[in-house]
Every structure is written in structure tokens, then in C-alpha cells.
Amino acid sequence: MLHADKRPQCQLTILETSDLHGNFLPIHYANNKPNPVGIAKIASLIAAERTAAQNVLVIDNGDLIQGTPLAYHHAKLNREPVNPMVLALNYAGFDAGVVGNHEFNYGLDTLRKAVGESVFPWLCANIVDEKSGEPFLGKPYLIRELPEGVRVGVLGLTTPYIPNWEEPKNIAGLRFIDAVEAAHQWVRVLKEEEQADVIVVSYHGGFERDLATGEPTEPLTGENQGYRLCMEVPGIDVLLTGHQHRSLAAIEVNGVLIVQPGVAGAVLGKVSLTLTQEAGKWHIASKSSELLSVQDVEADAKLVEMVAPYESAAQVWLDQPIGKLSGDMLVKDPMQTRLRDDALIEFINKVQMELSGARISNTALFDNISPGFPSDITMRDIVSNYIYPNTLKVIRISGADIRSALEQSAGYFELSPDGEVGISASFREPKPQHYNYDMWEGITYTLNISRPLGSRVVELLYDGVPIDPDGEFDVVMNNYRAAGGGNYAMFQDKPVVKDIPTDVAELLAGYIMERGTIEATVNGNWKVIWE
């Protein structure tokens, strides 16, 4: 194409999905009601964009194969066919995928199976084989030459913080390199050796600082390095991000155009580039980014048909009866569940304690759509409430660690000027972190959220006496928390007394099936107060 001043011109559209988390169909698995998300809707948007533009690159930015009962059922019980999410990306013509942290949740065999079934490459420059030092999935970048002669380089990066969360056996033999360090190395390769005219970094990670002021928005652990990538690595034109589940577009940081397309396929990220050629070299003349909603988009009928066998098998499994409940374990108001001892939370904690032998336990209400358990419990009820493929660990910690962890959880709450209880900004932004507020069994405690952060634990007893700060206590919790996930640094590197490698959802289901009927109990061992 020739520009008005006769210079050759080229248009490029880059489409990004991220954090699809196993969302294929636009439904809520808790009740099968409509939910405007998923790759089946995204595929329709992608097809429309391909019709409208000549040069289209489509990239998935990670956290693809975990997150819904459909994804869980495939990974655990229906492994033979092609991974359903890979099936969808193959069909939609994706050009590349990037490894997300949740890709490791089901183990390396499951990840490598998904990679092997993909007709597109998976890019990851900064996770390398421990022995060879080579990127563990092969080439770390993709070069695509457009018909006009423009060379586009796409580099894949993943948050290197994964060893702080993931089961060691799921990442055995791998080494995780700092994303900024890897970007310096590979962007130079793209620029100098590959002669890329456009450099796109697809980074499964988010932003650690405010995009306008540069002020830190979280502890600078290295989990999110998007701001540093923009500020410290020269040559990046576009940074595709994810992990934080934020909806970001139409923003540049230090001249780098950024986009982040939320979670579950509610939106599709779109980058539009216009390039012009001068003296034989292509330059970006303009660039913009936006988010395309799937709200009123019809799901791709062919994709819906393709996933039908997977979906049918998963639905049969979800409706499998597990047992019965005597009493009330429904979640009617998530905030109330987090303000005082609750039958559902107490049940999960007591199962963890009984199966592990630990006398103290903690768990969380992971989101605000957890329904609780009805009187007739099915597998659907289990996976709708315990939504992560967590396992359990018993770690040995001090009384002071317990107090510190309770203070961390107490930061979940804030009081409005008129005394209304709400969720604090640190647990609301950049994404809701309900899963990082823990509730405990085996100790007695009171949180006074009228008091300043760090001094909200006003009662803390074990066996009826004040807890000894120097005492040692064995506590059972999920593997994410036991590794310090969610800013619980007091748990990091503590002795592991017991490791229970079975998914908690399976443990809960087995516990109920063995007993036939469970009873809702509330012993009132903890509460949240304010003045």
C-alpha cells in the first residue's frame, strides 16, 4: 500500500488473549447459566478481525489450560483427546502462545501434552532447562514476515516467581530467569540478528508500579515486572501483559504501547500499528490499543460443536452425587462469611485438619460467586467452591508467624467514614484477591478492624491460653499459601512436616462420599469486630 506521500505503508493488527483459564463456553459451571466470556466467543471476534484486516497476528499470553471444571475434568479424567483449549486455539488460528504460571498446575506431562498438540509455537525465553540452559519449550521467540516485507518479532516471557507458588515436582528440572534480564538478551537478538522492524513482547506478568506515577503498587518481589520492562529494556514497541486480570488499553509507558485483556475471555486485546517505509527501513508511524468486548458476540457454532463431547462428559461428572448435608452451608453473603465463623469454611478447615493430622488449619473463600453446599451435594458443588487445583502442606511455624499472617489477612477490610465495612484497596487492586483472606480453625482469635493495620489482632489463643510467639505449631494450608503466595512471606521456607499431593477438591469429595452425610457446624472460634 502507498501512503499519500507515496511512501510504502503497512497495517498490522495484533490480537491478544490472556488468562482464559479454561473458559471455553459462555456459561457459569455452578449453575450452567449464561456467562459472557470464553474462547468460543473470542473466536468469533478473531474471525471478524481477520475479515477486516490483511495482517493479523493472534497471541495467547498464558494461563490457558487451568481454571474451569471442563479444564480440570480433561486434565484429570479425560486426558486422551486433544486439550480442549488447545483445540480452540488451533481452530481460531493462533500464531503463538506464551506459558502462564497456571500452566504448571497439572504437572509437566500435562503441559507438554498441550504444547505437543498445538499447531502454533509456545514461546518462553526465561524458563530454561536446568542442564542445558536452553528455553525449555524450544525457540523463545517468533519471527513473522508480512507480505509487505515487515519483519515482526514476538518474544515470550513468563513471570519468574513461579517457584514461590508451584509444587516442586511440577517444575522439576527447570530454572527461572529474571524477565527483565532475559528481555535485554533476546530483544537485542530480535533487533540485531533477526532484523525485526517491530518488537512485541508477550509477557505473562503485570505491572508492579502505577503506570502514571511509577510509584510501587505492590511489594517488589519480581512477580510483576511490566513497568521495568517498559522503562529499562530499549527496543520494545508493544508489551502484551496478563496475570493480574486487569483491563488495560490505550496506554503508553515510556513509549511502549501496552494492553491487558482482563480474564476468562470477557474481552479481546487489540493493537493497531501503521508502519511506513523510509530509506528501505520500516518505522511505526502510529500505534493504538483497545479492548473488544464479547458481550453481544455469538459463540462460534463450529467450536461449540467441537467441544460438545468434552462438555457432555464434564457435565455428567459434575452432576455425580457425592453425599448429603444436614444443616446450612450456603454462602448467602460473601462479606458475612468473612466476618464471622462460617459452616462452609469450618468444614473445609476440619477436613484439612483430619486428613493431615494438624491441629490448626486455614483456608479462604476464593471468590464472591462461591455458592456453598446445598442439601444434596454433587461434584459441581465441590468444584464451584474449591476452584483451584491446590494440594495441602503442613508447615511448622511460630506463634509470631500466626499473628503476622492474621494481621496480613486483617488488611482485607477497610471502614468507610460512615462505618460501613468494605474491601481494602490492597485486596481490590489491581485485581480482587478474595483468595488471599484466610480464616482459621484450631485457634481462637478476634480481629478489630477499627485499629490500624498491623495491630488488628486483639485476641489470639491456642488451647485457651495466649499463643506463645516463640512456640512451634504445625499448620495445614494449601500449597500456594504454604509457599508464601499472596504476600504471606512469614510462611516461606518453613519446614514441611507433611505433604499431601492430592487435589483438595478430590479430598473433599472423598471425605463426603465416605461419610454419606456431613453436618454443618459453627464453633465460633473467630470473629471480626469494629467500633
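Q: Is Cys-124 buried or exposed?
A: Cys-124 is buried, at 1% relative accessible area. Buried is under 20%, exposed over 50%, partly exposed in between, with a 1.4 Å probe and protein chains only.

Q: Before we go on, what sort of model is this, and what counts?
A: This is a predicted model: local features need pLDDT of at least 70, side-chain atom pairs count only at pLDDT 80 or more, and totals for chains, interfaces and linings use all residues. Residues are numbered from 1 along each chain as its sequence is written, and side-chain values use heavy atoms, with hydrogens and water left out.

Q: Back to Cys-124. Which cysteine sulfur is closest to its sulfur?
A: The one in Cys-230, 18 Å away, too far for a bond. A disulfide is a pair of cysteine sulfur atoms within 2.5 Å.

Q: Switching to the fold. How many helices and strands?
A: The protein chain has 14 helices and 30 strands. Both are DSSP runs numbered from the N terminus: helices are H or I with at least four residues, strands E with at least two.

Q: At what angle do H2 and H7 pack?
A: About 90°, with axes 9 Å apart. H2 covers residues 69-77 and H7 residues 301-318. Axes are lines fitted to C-alpha atoms, for helices over the stretch in contact, and angles run from 0 to 180 degrees between N-to-C directions.

Q: What does that make them to each other?
A: Roughly perpendicular. That label covers 65 to 115 degrees; under 35 is roughly parallel, over 145 roughly antiparallel, the rest oblique.

Q: Which residues make the contact?
A: From H2, they include Tyr-72, His-73 and Leu-77. From H7, Tyr-310, Glu-311 and Trp-317 are among them. Contact means heavy atoms within 4.5 Å.

Q: And H9 with H14, what angle?
A: Also about 90°, with axes 11 Å apart, between H9 (residues 343-356) and H14 (residues 504-515). H9 is therefore roughly perpendicular to H14. Phe-347 and Leu-355 of H9 are among the contact residues, as are Leu-508 and Tyr-511 of H14.

Q: Last topic, the whole chain. What fraction is buried?
A: Buried residues make up 59% of the 531 residues.

Q: What box do the C-alpha atoms fill?
A: Roughly 85 × 55 × 50 Å, along the principal axes.
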